Each structure stands twice: as structure tokens, then as C-alpha cells.
Amino acid sequence: MHSLAKELNEKIQSENPFVFEMLSDLGKALYYPKEGILSQSAEAGKKAHKFNATIGTALENGQPMHLNVIQETLSAYKPSDLYPYAPPAGKPQLRAEWRKKMLVENPSLEGKSFGNPIVTNALTHGLSTVADLFADQGDALIIPDKNWENYDMVFGIRRHTNTVTYPLYNNENKFNADGLYDAIMAQKEKGKAIVLLNFPNNPTGYTPLKDEGDAIVAAIHKAADAGINVVVVTDDAYFSLFFEDSLHESLFGALSNLHERVLAIKVDGATKEEYIWGFRVGFITYGNKSEAILAALEDKTMGIIRATISSGSHPSQTFLLHALQSPEFEAQKQEKFDIMKARANRVKEVLNNSKFNAVWDYYPFNSGYFMCLNLKSVDADTLRLHLLDNYGVGTIALSDTDLRVAFSCIEEENIEELYECIYQGIKDLEATK
């Protein structure tokens, strides 16, 4: 093992041996090189006042070399903010701006110790980075039974974890905190669990109410008290799209600094929050009382970024930074939020039609992009194909009974027609039985 990795491990172990135990074998081996091309280039950047022949980029007339056919479409930005490599941890100004935004939007973070957000190539890259750092073969990934299918690829296929599920909703159609607790406690013999919390939930569009959020935190705290090391990851992909009286902040705030056996990790990004899906800008943030642990985890995270993508897109980071600093940003974001909320409200209005009761129930939803129908009489995938072939309507079949509908991409005035098509598709299939 490299001496720098040993040094980071020793720092983490001396501060909190439970966090050290949470690291995967790969995570323990990772470090960020203090010597070599990057460090020598950084040193040259400070001292090489005559000639700096260190970085593998090209310069011309004191500016990054570029093609005019590209720059003419980006003329609002300086070439130096577009063409050079961004640092592995991301553009410093963007990291600072995102941290400031997190504090405003998550009041429970006030007074908590948490790190500086580290830029990733959007949220999937953030999740896979977390998996590399903390997931070993046989570790339990605990997720609700209604979840984003890519978790299995990111953790199960890539890192060989065992997926442990629990029902998302309890008998009262609230978040099933007891089921979560039981799933964590089932790992008592192993002594470690990776808990992934995704709110607003994909696929159901559900965010817990405050008392449900408190129950989630209490369940994790109780499991940690029982001697289980819990890596708890909040996948906040759809953060801020809270349309009703649910939690309006991430559970990362309540989970940070919760217990010495709990490591809180926030994975979020501008992808959905700021409607820039293709720009691919996400963040990883660690919550821990120890500044030394936060610094060591940042080094290890930069190490895996350096070893995979090297660094994220500089132009995308520049565009996002510009938006966050714009005086028009909040007003424009509120305008889009209002549109999304109106669509969600319209879906609920349409679903109140009693004629639908015979063919489906729907799972509670109050946020995000999606909602899910629970079909009573037809197979979900059969219906999906029938809707495509006969009505030109696209939906997602998640199981034999569950059909996901993304109201995020349907204009408000078309929502009633959409559900009427789904209803008629069910009646068609019922008539053939």
C-alpha cells in the first residue's frame, strides 16, 4: 500500500476507527498524489514566472489555445474559464457557492461539521465513487423496494454488494422506518450496512413528512447504538422539488454528526435541480465531526476521481457557477418550480375521478418528477406496450403491477388526456380477457 494511503488511513483510524472500518479495500488503498505531474504543475503555477512547461495543454498569446468555431458560440466566457482542466475536486468557486447554497436550503446543517462539496460528473458518477470508496463484496446495500434500477448496477454489479430491500410504505402509507430499521439490524453480525435514501423518491415521487424523517434518523441512530457501522447516503437528485407539506430539506443535515458509527454522505447536483441534465455536474459532500477525517476522505475521493475521469467538465462548471451567481437565478428557478408543482397538483386533481378506482390505486406522492400507479387488473408491461402501440403513450413498467408516469415532461393541459389514455388502455386489455 502506498505511504500516502497509509497516512490517510492512520488519520482516519486515530480519529474514528468505525469510519475506517466503513472503507472498502479499494477505499483504504486510495490516496491523492502529492508528488508527480499535478503537484509539480501546481508548484510551477506559483513560481514559474518565465516559462511554465508543465501542463499538458496548449497556450497561444497567453490564453488557452482554442478553435474559433467553438469559442464563437461561447463568447460570453473567458477561454481560461472553459478550456483548461478543472481541478480533480472541481472549480473552487463553484464548490464554495454550492456549499453556501446547501446551508441556505438545509437549515439543519447550521453548526454541523461537513466538508466542502467535491464535484462529480453528475450523480451517477457520485454514487459510483461512493460505492468504490465504501462498498466491498458481500456488503449490504439497503434500499426500499421501490427504487432506481441503476443502484443494482452501481453497487451490485460493479462492487458485488448484496441488495437488501424493505417495503417503502407501511400499512398507513407512510415511510416504513420500522422496515428500514429491521433491514439494518439484520446486518448486526456483519457489523456494517450501506443505507441509501432517495427523496424525492424515484419512482414514486414521495418525500417523508417531518415525523417520518425523524423516525428514519432515529432508526439509524438506534442501529448505530447497537454496534452497526452505517454508511448512509442521501441521493438528493430531485432535491428542492417539494410540492406539499413534506420535509423541505435533505436528511443529510440531521444525519451529519449523528453518531460515531454513522457516516453521512450527500450526493446531489445541478442535473435536475437546475434543469441542466446534459451538463453533468454533481457533488459529493461528507458529514463528520472530525476535520481530519473530512480532509482524508476528500483526498481519497480526489484519488478515485483522478484514477477514473481525472476531472469534470470545466465549461459545465463555469456555466453553473455563472447561473448560481446571477441575480436572476432565484426568480427563474421559482418560475420552473411553479410549473412543476402545477403539473403535480393537476395529476392529483385528475386522479380524484372515482372512475379510476376500479383499475388502479396510486402510491402517495408529493414531490419530484414521478408518480406510480398500482394496477389492479392488467399486467404493467403488457399495458406499457399496448399504450405505445395503440396510443403513442410512453410509460415505465416497474413490476407486474407498478407503472411509473413522469409528469415532469407532460404539459399541464395534457395531463388529463394522458391518464384517460392509460385508463382506456386498461379497459381495452380487460375486454380481451
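Is Lys427 buried, partly exposed or exposed, and what is its relative accessibility? Lys427 is partly exposed, at 32% relative accessibility. Here buried means under 20% relative accessible area, exposed over 50%, and partly exposed in between (1.4 Å probe, protein chains only).

1. Basis. This is a predicted model: local features need pLDDT of at least 70, side-chain atom pairs count only at pLDDT 80 or more, and totals for chains, interfaces and linings use all residues. Residues are numbered from 1 along each chain as its sequence is written, and side-chain values use heavy atoms, with hydrogens and water left out.

2. Glu430 and Lys427 form a salt bridge, with the closest N and O atoms 3.1 Å apart. The term means a side-chain nitrogen of Lys or Arg within 4 Å of a carboxyl oxygen of Asp or Glu. Both residues sit in helix H17 (residues 415-431); because they are three residues apart, about one helical turn separates them. Helices here are DSSP runs (H or I, at least four residues), as are strands (E, at least two), numbered from the N terminus. Glu430 is partly exposed too, at 24%.

3. Glu298 and Arg95 meet in a salt bridge (3.2 Å, N to O). They lie 203 residues apart, with Glu298 in helix H13 (residues 291-308) and Arg95 in helix H6 (residues 92-105). Arg95 is buried, at 9% relative accessibility.

4. The wider count. The whole structure holds 27 salt bridges. Lys101, Glu105, Glu273, Glu274 and Lys333 are linked in a network of them.

5. Largest pocket. Its space is about 650 Å³. A pocket is an open set of points on a 1 Å grid over the protein atoms alone, where a 1.4 Å probe fits, with protein on both sides within 12 Å along at least five of seven lines; lining residues have an atom within 4 Å of a point. Grid points are joined across faces, edges and corners, and the volume is the space filled by probe spheres set on them. The lining has 24 residues, with Leu38, Ser41, Ile55, Thr57 and Tyr85 nearest the centre. Helix H4 (residues 37-47) gives the most, five residues. By class, 15 are nonpolar, eight polar and one charged. Nonpolar covers Ala, Val, Leu, Ile, Met, Phe, Trp, Tyr, Cys and Pro; charged covers Asp, Glu, Lys and Arg; the others, Gly among them, are polar.

6. Second largest pocket. The volume is about 360 Å³. Of its 22 lining residues, Tyr238, Lys272, Trp277, Tyr369 and Phe370 are closest to the centre. H7 gives the most to this lining, four residues.
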